[in-house]
Amino acid sequence: MSRLIRAVIDAGALRHNVEVIRARAPGARVMAVVKANAYGHGLVQTALALHSADAFAVARLEEGVRLREQGVRAPIVLLEGIFSPEQLREARAQRLELVVHDALQVELLAAAGEPHREPLWIKIDTGMNRLGFRPEAFRAAYERLRALQPASSEIRLMTHLAAADDPVGHMTGEQLERFAAATRGIAGERSIANSAGIFGAVAVAGQWVRPGLALYGASPLPQRTAAELGLRPVMRLETSVIVVRQVPRGETVGYGATWRAERDTRVAIVAVGYGDGLPRSLPSGTPVCVAGRRVPLVGRVSMDMIAVDVSTLESVSVGTPVMLWGEGLPVEEVAGWAGTIPYELLCSVSERVPLEIAGSAAA
Ligand SMILES: *Cc1c(COP(=O)(O)O)cnc(C)c1O
């Protein structure tokens, strides 16, 4: 047992998922979304493993700068754009493509005095009400941007879907209609689909897709598993048993004494806790894989440890491997136990958890 907790990142699975996404969106280019430390998978190593991506997307300027410093030369799109002349200068120096979603950003570009050399992505708010020009304000913003840029420079069009994971609602259809109406007659490449848009029930067109979650092998659709979509989990969060103990019937385990043994129980104490990013909200009964078998969490998650009932397992001892999520125990399922979504679990893996890349030679 050289190490306790670690997150093993399967580069082969990452590339497999890109191919599954390409098959779902034939002809579309893939803008791999690597914001938030690549959803906890490690910004730089993920981007380097994803050399087949056509572009990368990040939320913040620092993330784009970091990719450039580490030698990533592919196009990089700054999803939230820039908010000051200094940020614009840095984005220019790093050759970042910018999303332009607000009048202030158009003014910053105008004030810069020279056109932006990389493509600009003008974002239309078709119903999310987060970022983007409202459809009625979009034309004027587009014309102003067009006037600032040489005719040869690219202005691309994008929007973001609010409910593409909903198999029955009307939201996606309405957003697509608003986008089509707002952009009618305007040339330029288009990008609409996130992971749920790529795999969801409503066909979403566009020259570019912007997968995040699906790249990492988690299902973006509540009613479909990743395996059903052909996706393979990229992260395996693993650790080890550090102690095995007998808990006599009637005694409790952990803080708050929330779990009581109904019979004499063999309990393994495992080195992972909320200090590593495992949600404290996981209840007793949450599945944990010990030596490849699912057993229930018992008692509260503490900062550095959890307890699991291993009474049903033959041989568990110090050093027995434990998996919190990965192949066979989807992070989506664990997220469900925590009352949250896989995005949050993946992003929450904390800095003290070493990320180990595996399978980088596999294509
Ligand atoms: C985060 C993000 C994505 C990726 O979303 P997933 O649901 O992870 O596929 C795509 N587009 C934009 C604008 C985003 O902010």
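I take helices as DSSP runs of H or I with at least four residues, numbered from the N terminus. The model is a predicted one.

I began at the end of α8 and found that G185 follows the helix, with a positive phi near 85°.

Next I looked up the extent of α8. The helix covers residues 171-183, 13 residues in total. From first C-alpha to last it reaches 18 Å, close to the 18 Å expected at 1.5 Å a residue.

Which residues of α8 are buried? I listed T172, Q175, L176, F179, A182 and T183. Viewed down the axis of α8, these buried residues fall within an arc of 135°, so they line one face of the helix. In general, residues three or four places apart in an α-helix point the same way, because there are 3.6 residues a turn.

I then asked what the buried residues of α8 pack against. The partners are α7 (135-148), β7 (155-158) and β8 (190-191).

I turned to the aromatic rings, pairing those whose centres lie within 6.5 Å. The count by this rule is four aromatic pairs. For F138 and Y142 I noted ring centres 5.9 Å apart and planes at 45°, so this pair is tilted. Both residues sit in helix α7, and since they are four residues apart, about one helical turn separates them. Are F138 and Y142 buried or exposed? I recorded F138 as buried, and Y142 as buried too.

My last entry on aromatics is a cluster formed by Y39, Y216 and Y343.

Note on methods
Residues numbered from 1 in each chain as written. Predicted model: local features only at pLDDT ≥ 70, side-chain atom pairs only at ≥ 80, totals over all residues. Heavy atoms only, no water. Helix = DSSP H or I, 4+ residues; strand = E, 2+ residues; numbered from the N terminus. Expected span 1.5 Å × (residues − 1). Buried < 20%, exposed > 50% of the residue type's maximum accessible area, 1.4 Å probe, protein only. Arc of directions from axis to C-beta. Contact = heavy atoms within 4.5 Å. Phe/Tyr/Trp six-rings, centres within 6.5 Å; stacked < 30°, edge-to-face > 60°.
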